[in-house]
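Visitor: I have a two-chain model open. Please walk me through how to read its strands, interface and domains.

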Amino acid sequence: MTILGLPEEEYVMSGNAACPGCGAILSLRHVLKALGKKTVLVIPACCTAVIQGLYPRSGIGVPVLNMAFEATGAAASGVVAALKARGKKDITVVGWAGDGGTADIGIQALSGAAERKTDFIYICYDNEAYMNTGIQRSGATPYGAITTTTPILGKKEHKKDMPMIMAAHHIPYVATATPGYPKDLYEKVRRAKEMKGEGTRYIHILSPCPPGWRYDSKLTIKMSKLAVETGLWILYEIDHGKFKLSGPSKRFLDPSKRKPVEEYLKLQGRFRGLTDKDIEEIQRWVDENWKNIAKMIETE
Amino acid sequence: MSKIIITTGNYSAAYAAKAAKVDVVAAYPITPQTSIIEKISEFIERGEMKAEYIRVESEHSAMAACIGASVAGARAFTATSAHGLTLMHEMLHWASATRAPIVMAVVNRAMGPPWNIWSDHVDSLSQRDTGWMQFYAESNQEIFDTIIQAYRVAEDPEVKMPAMICSDAFILSHTSQPLEVLSEEEVEDFLPPYEPPFDITDVDHPVTHGNIVWPEPRGDASVGYMEFRYLMHQALLNAKRKIKEVTKEFEKKFGRNHGDLIEKYKVDDAEVAIVSMGALAAQAKYVVDLMREEGYRVGAIKLRVFRPFPDEEIREVAKRLKALVVADRNISYGYKGISATEIESALYQLEKRPIILNFIMGIGGRDVKPEDQRKMIEAAFNIIETGQLEKEAEWYGLVR
């Protein structure tokens with residue numbers, strides 16, 4: 001399939017309240033094209049809770065249950081159980097949450113839902129900080145990023161590896177994505193949808209955020225692609241335990257093909273405080289991540 | 001056909017959930033609630049109960065799952081105690097604001113630290129302002145009957161609010177009493193299958209539940225946030241009427257009445273009445289009988305429903321009394337017993353008010369014997385005689 005083959009139906013409507021250049025709403029657009037009409041979204045406190053628009057209207061063309069910050073996995077479990085009790089089989093329940101609602105406050109409910117083999121898809125759109133509340137540090141914020149709670153020194157710890165945490169739950173499907181590669185994202189959501197009945201499927205989308213990352217809003221796709229090209233964000237899927245690098249990331253297994261991380265970092269105001277040593281540390285972290293990936297591929 | 005068995009308060013709650021044919025149960029274990037959900041698990045695994053059971057990883061998730069199930073059209077049930085209930089606090093607000101008619105069995109247990117698994121009512125009374133209806137049962141039969149009644153009230157189109165049915169740890173939860181278990185058929189006649197006001201899984205008519213509402217009506221919205229909250233308040237006021245109707249109908253059908261909002265016992269000619277909640281209300285009636293034999297003009301009031309609060313009902317009784325003994329198995333630190341403050345507030349508008357003696361007792365499961373309740377009542381008669389109320393609230397039975 002080419003990009004022109006994506007369904008024409010739109011479930012992300014005009015009039016939504018996303019910022020210009022929002023990576024999250026762009027991702028949701030592709031996600032809902034892949035999922036189609038028979039979808040119920042459970043959305044906790046996150047940017048999308050605002051983006052969806054104000055009562056009594058909605059900018060999202062499928063049913064949405066808004067939920068408390070930490071409760072997406074649990075509330076989705078309830079919807080899934082009710083569907084089962086009522087014998088409705090053709091509806092896909094999807095948790096759609098930010099990185100804070102996934103990697104931090106919501107990790108317990110998500111882990112519980114996955115361990116119980118809850119039949120749903122959980123998608124984390126990761127903009128790498130608490131963006132909706134004004135750019136505070138999260139467990140998914142990368143090393144060195146300045147946020148409003150790491151305002152001068154920047155974050156001193158690396159990003160939490162959420163997809164691998166989910167892989168350790170031995171769920172049928174884990175994948176990473178980013179909206180710079182819509183076809184890859186679309187196909188991964190389709191794959192997750194096809195596995196209905198098999199348990200929890202998890203997709204983690206790196207979702208560039210112009211105001212939070214401090215870059216020009218026209219550069220969202222470029223940021224998304226640079227994250228992959230520098231090897232900072234690795235696109236892969238783990239399908240029934242089988243690890244597979246995705247097309248756009250394949251060639252970056254070769255370190256010489258990767259762009260230096262600086263090319264990505266220098267375009268973003270959140271990294272303005274980085275010293276040369278910090279950049280070295282980020283490069284070391286990226287190379288280390290890839291060594292682990294290479295080991296996994298060897299073991300396969 | 002119904003059958004009579006001998007069973008515990010907790011099993012009574014489990015039998016009620018089964019009889020109410022709940023669709024989804026989501027629960028997490030905590031002492032002393034555990035045997036409720038163990039019994040339900042057994043019912044389900046034996047195939048005697050057709051419900052989806054979500055074995056969640058916390059009480060917060062239990063309530064979130066119940067909310068998800070309820071908006072997706074299922075009748076949802078859970079049970080908890082103390083720390084489990086207080087962990088749910090955020091989701092209790094979420095459930096009532098979702099207008100999800102979830103019913104929950106609460107086995108009242110003291111809050112830690114220090115750890116204590118015995119009864120007091122601080123856990124549930126701390127949830128007073130969450131929008132949940134609160135019932136307090138005095139017997140295992142009342143636990144069973146009230147769970148059935150609560151679904152009827154909660155699911156009523158004029159109510160659509162959740163309800164908790166509270167019972168005392170161990171005093172009821174682990175104590176066996178005779179229980180008439182109504183059959184599912186008998187119950188279904190009284191409690192028809194749940195009809196949700198909307199269904200979040202209706203993809204042909206997609207709705208968004210819970211998105212942002214401004215303080216003022218704005219744009220296309222004809223109402224603001226405050227109107228939604230007024231509707232919740234109105235719903236709980238409607239529940240007062242519905243509880244009365246439903247208990248009456250229940251009595252007609254099944255021959256039992258545990259009181260509606262309150263239960264009055266021998267108050268018509270009384271000078272003094274003792275007000276209590278839960279198991280102590282049963283013992284209070286026994287004490288009233290003993291003292292009446294000795295000529296005391298005393299009665300008892302059971303606060304069966306704490307929210308919506310029976311203010312008119314209490315006023316109606318209290319205006320004829322000289323003194324009210326309010327026995328609180330709880331404390332609002334820095335003030336007094338919680339039901340005493342509510343009752344005083346309800347009586348303030350009366351021209352002639354009874355004296356109110358508030359006793360804080362039975363905290364953390366400390367035993368309250370009939371002679372203790374008798375002493376509290378005697379104290380009220382003394383005060384009527386002397387006209388001197390020394391302390392508005394007294395901790396009864398403190399070791400000093």
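Visitor: How many bridges join strand 2 of chain A to strand 9 of chain B, and do they run parallel or antiparallel?

Guide: Start with the general idea. Strands of a sheet pair through backbone hydrogen bonds, either parallel or antiparallel. Two strands pair if DSSP finds at least two bridges between them. Helices (H or I, at least four residues) and strands (E, at least two) are DSSP runs, numbered from the N terminus. Here, strand 2 (residues 64-66) of chain A and strand 9 of chain B run parallel, joined by two bridges. Leu65(A) stands opposite His209(B).

Guide: Keep the provenance in mind. This is a predicted model, where local features need pLDDT of at least 70, side-chain atom pairs count only at pLDDT 80 or more, and totals for chains, interfaces and linings use all residues. Residues are numbered from 1 along each chain as its sequence is written, while chains are lettered from A and ligands numbered from 1 in the order in which they are written.

Visitor: How many residues of chain B are in contact with chain A?

Guide: Contact is a distance test: the C-beta atoms, placed from the backbone, lie within 7 Å. By that test, 41 residues of chain B meet 41 residues of chain A. Helix 3 (59-71) of chain B gives the most to chain B's side, with nine residues. That side has 23 nonpolar, eleven polar and seven charged residues. For the classes, Ala, Val, Leu, Ile, Met, Phe, Trp, Tyr, Cys and Pro count as nonpolar, Asp, Glu, Lys and Arg as charged, and the others, Gly among them, as polar.

Visitor: What is the strand order in the open sheet of chain B?

Guide: The order is 3-2-4-5-7-6-13, seven strands with mixed pairing. Strand 3 (52-54) and strand 13 (305-307) of chain B are the edges, each pairing on one side only. The twist averages 20° from one strand to the next; axes are lines fitted to C-alpha atoms, for helices over the stretch in contact, and angles run from 0 to 180 degrees between N-to-C directions.

Visitor: Which helix of chain A lies across strand 2 and strand 3 of chain B?

Guide: Helix 3 (residues 72-85) of chain A, at about 165° to strand 3 of chain B.

Visitor: Into which domains is chain B divided?

Guide: Domain bounds come from an automatic or database domain assignment. Chain B has domain 1 (3-197 + 244-249) and domain 2 (262-395). Their C-alpha centres lie 28 Å apart. The contact takes 24 residues from domain 1 and 20 residues from domain 2.

Technical notes: Two residues are in contact if their C-beta atoms, placed from the backbone, lie within 7 Å.
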